[in-house]
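This briefing sets out selected features of the structure shown below.

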2 protein chains.
Amino acid sequence: MEVLTMIRVGIVGYGNLGKGVESAVSKTKDMEIVGIFSRRDPSSIHPHDANIPVYKMEDAANMKDDIDVMVLCGGSAKDLPEQTKEFAKYFNVVDSFDTHARIPEHFAAVDAECKESNKIAVISTGWDPGMFSLNRVYASAILPEGEAYTFWGKGVSQGHSDAVRRVEGIKDARQYTIPVPEALDAVRSGANPTLTTRQKHTREVFAVAEEGADLDRIREEIVTMPNYFDEYDTTVHFIDEETLQREHGGIPHGGFVIYSGTTGWENENKHVIEYSLQLDSNPEFTSSVLVAYARAAYRMNQEGMKGCKTPFDVAPSYLHPLSNEELRAKML
Amino acid sequence: MEVLTMIRVGIVGYGNLGKGVESAVSKTKDMEIVGIFSRRDPSSIHPHDANIPVYKMEDAANMKDDIDVMVLCGGSAKDLPEQTKEFAKYFNVVDSFDTHARIPEHFAAVDAECKESNKIAVISTGWDPGMFSLNRVYASAILPEGEAYTFWGKGVSQGHSDAVRRVEGIKDARQYTIPVPEALDAVRSGANPTLTTRQKHTREVFAVAEEGADLDRIREEIVTMPNYFDEYDTTVHFIDEETLQREHGGIPHGGFVIYSGTTGWENENKHVIEYSLQLDSNPEFTSSVLVAYARAAYRMNQEGMKGCKTPFDVAPSYLHPLSNEELRAKML
């Protein structure tokens, strides 16, 4: 009989992502949560599984021998740039750092700590960066002559929803990013179209206004907002608070990576590679990706590897609970 | 200035796949074809690039220091079970071995040779096995509670076309495998349907009959043919030879891997991950995958790795001509 070694997982931060990690680990047979770490008062944190202990963030370093991999569930703006490199001093770590432009700098900082501690970090897991990035790399490696198109949605953009909430007279709001169907079709046809920002996505806002607010002024302020809405066609719907809660309470998201390339001496043969996600819960899916890469980080470190990695550097077999032999027999 | 080391590639077998490899390598900046090896008389082989030398198969071993990786372009039934392990004695090798049931045995034989020779083999690249397998593994690693559905087509099945050609009274034929749209939609809805073979695909045959042949008898013989057609709804069209050449001369293929899974404590959130290929030329796309894995095989061997690998064991970054640093900056 095979003795199963359980991978001991710690969760850093217990917001939507952290809760998703607790749930995702419960669906595995080879991993277990041994602690949740928070900046908040531990007594104020109530894990779904009441048996899971909650610790103060600063107690983590004392538990370096009790935890195989730490899953960092903070935000990319302020938490992860500090936390990932700090925790990499003591633990294998994974994060979903998603500020694309700052990835090289985050990578370098985390890599330096990992080289010291002999640990593995896998950064920028999730779906974009993450699964979408992987598909861009596989497709362009296979078909060097081609172009990648990424579309997001239909889904809730937290950043755009927040931007709308900052408009005077707005009580609450939800913003959906929606790919333009004609743009998707043009890309799928293999036509390699040049698409402007406006041609790729539309934006739809469901807003609750304060009583007596000037709706025309609010609408105008939203659709012309620089960086967020001015380059898009945006539709604003005013609804009541109850409708917002009832019909727009979820956090769905998803999108498409469509790669269109050619082969043949005259580039006479077209090929379209499409990867798409349709997610009821953006954070729970991201958590599930984090957990798969947590397994990979542990296994790679067990084999003696160290340093900072991204999904590009992780062989797919490390993510999967089945052995390589089983994967070959059942999934190849 | 960076000095680019060209990866020296040999092609074993110059049929559709081998020709596709020659063309695919011409689209890279870091690889070059240094020879084609054939069982046929070398003077009867005419590469697209007339400067590429053609050798007899048995001369390959003498060129072990001149070739970094051999791309094996033979068939899975008879060629690869012998060739991959034989060439792995002298070279890094890649193949597109696609007899799913015999992969474990092929792997073991090739691995034994690689361990002796300190070379890398990557077997079963291509798209199924290959890219489709990767997507099954990534998706089921991320969402352990879910189900993978694979659909093939619309595309030409060589095996089924050959089977039709063996029917008495048939001069030539082309068989298309077609996914049933309603089945695709049911899977995409996240309903996790149980689908019979008949519900997943239909088959369409374009056949040229000999003059005076009994078309009803031929049609009956085709649609009831065991293993090939009896479990499917098959439509047979009789056309003339010229139409067959004109309208059915290509070798398109493709298909879908759709994974439908759930997250949340009550599995209340559904997620659908879909990967699809739409290929004008099945062999040229497969060749392009072989070439990307040839790059990976060479690089992994350069780093000291050896043994038989599958796409599951190869980190995506090895496939791509860009450096890891560039990949992180541009594609993550």
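In this predicted model, the side chains of Asn282(A) and Trp127(A) make a polar contact at 2.9 Å; a polar contact is a pair of N or O atoms within 3.5 Å, where within protein one atom must be able to donate a hydrogen and the other to accept it, and residues adjacent in sequence count only if both atoms are side-chain atoms. Local features need pLDDT of at least 70 and side-chain atom pairs count only at pLDDT 80 or more, whereas totals for chains, interfaces and linings use all residues; side-chain values use heavy atoms, with hydrogens and water left out. Residues are numbered from 1 along each chain as its sequence is written, and chains are lettered from A and ligands numbered from 1 in the order in which they are written.

- An unreviewed UniProt entry lists Trp152(A), Thr177(A), Arg203(A), His253(A) and Asn282(A) under "binding site"; UniProt positions follow the numbering used here, feature names are shortened, and annotations may be inferred rather than shown by experiment.
- Asn282(A) belongs to helix α10 (residues 282-302) of chain A; helices (H or I, at least four residues) and strands (E, at least two) are DSSP runs numbered from the N terminus.
- With a relative accessible area of 17%, Asn282(A) is buried (buried means under 20% relative accessible area, exposed over 50%, partly exposed in between, with a 1.4 Å probe and protein chains only).
- Apart from residues up to four places away in sequence, Asn282(A) touches Trp127(A), Ile251(A) and His253(A), contact meaning heavy atoms within 4.5 Å.
- His253(A) is in strand β12 (residues 253-263) of chain A and counts as buried at 9% relative accessibility.
- Beyond its neighbours within four places in sequence, the contacts of His253(A) include Trp127(A), Trp152(A), Leu277(A) and Asn282(A).
- The side chain of His253(A) reaches the backbone oxygen of Val156(A) at 3.5 Å.
- The unreviewed UniProt entry also places the feature "domain: Meso-diaminopimelate D-dehydrogenase C-terminal" at residues 126-281 of chain A.
- That span is 31% helix and 36% strand, and its end C-alpha atoms lie 13 Å apart.

**Ile222(A)**

- Ile222(A) is located in helix α8 (residues 215-223) of chain A and is buried, at 0% relative accessibility.
- Leaving out residues up to four places away in sequence, Ile222(A) touches Val164(A), Val167(A), Val205(A), Phe229(A) and Val236(A).
- Ala163(A) is 59 residues from Ile222(A) in sequence, with a C-alpha to C-alpha distance of 8.6 Å.

**A sheet in chain B**

- Four strands of chain B form an open sheet of mixed pairing, in the order β8-β9-β10-β11; two strands pair if DSSP finds at least two bridges between them.
- The edges are β8 (155-156) and β11 (233-238) of chain B, each with a single partner strand, so one side of each has no neighbour in the sheet.
- Strand β10 (residues 201-209) of chain B pairs with β11(B) in the parallel sense over six bridges, and Thr202(B) stands opposite Asp233(B) in β11(B).
- Helix α5 (residues 158-165) of chain B packs on the sheet, touching β8, β9 (170-179) and β10 of chain B, and its direction makes about 145° with that of β9(B); axes are lines fitted to C-alpha atoms, for helices over the stretch in contact, and angles run from 0 to 180 degrees between N-to-C directions.

**Relation of the two chains**
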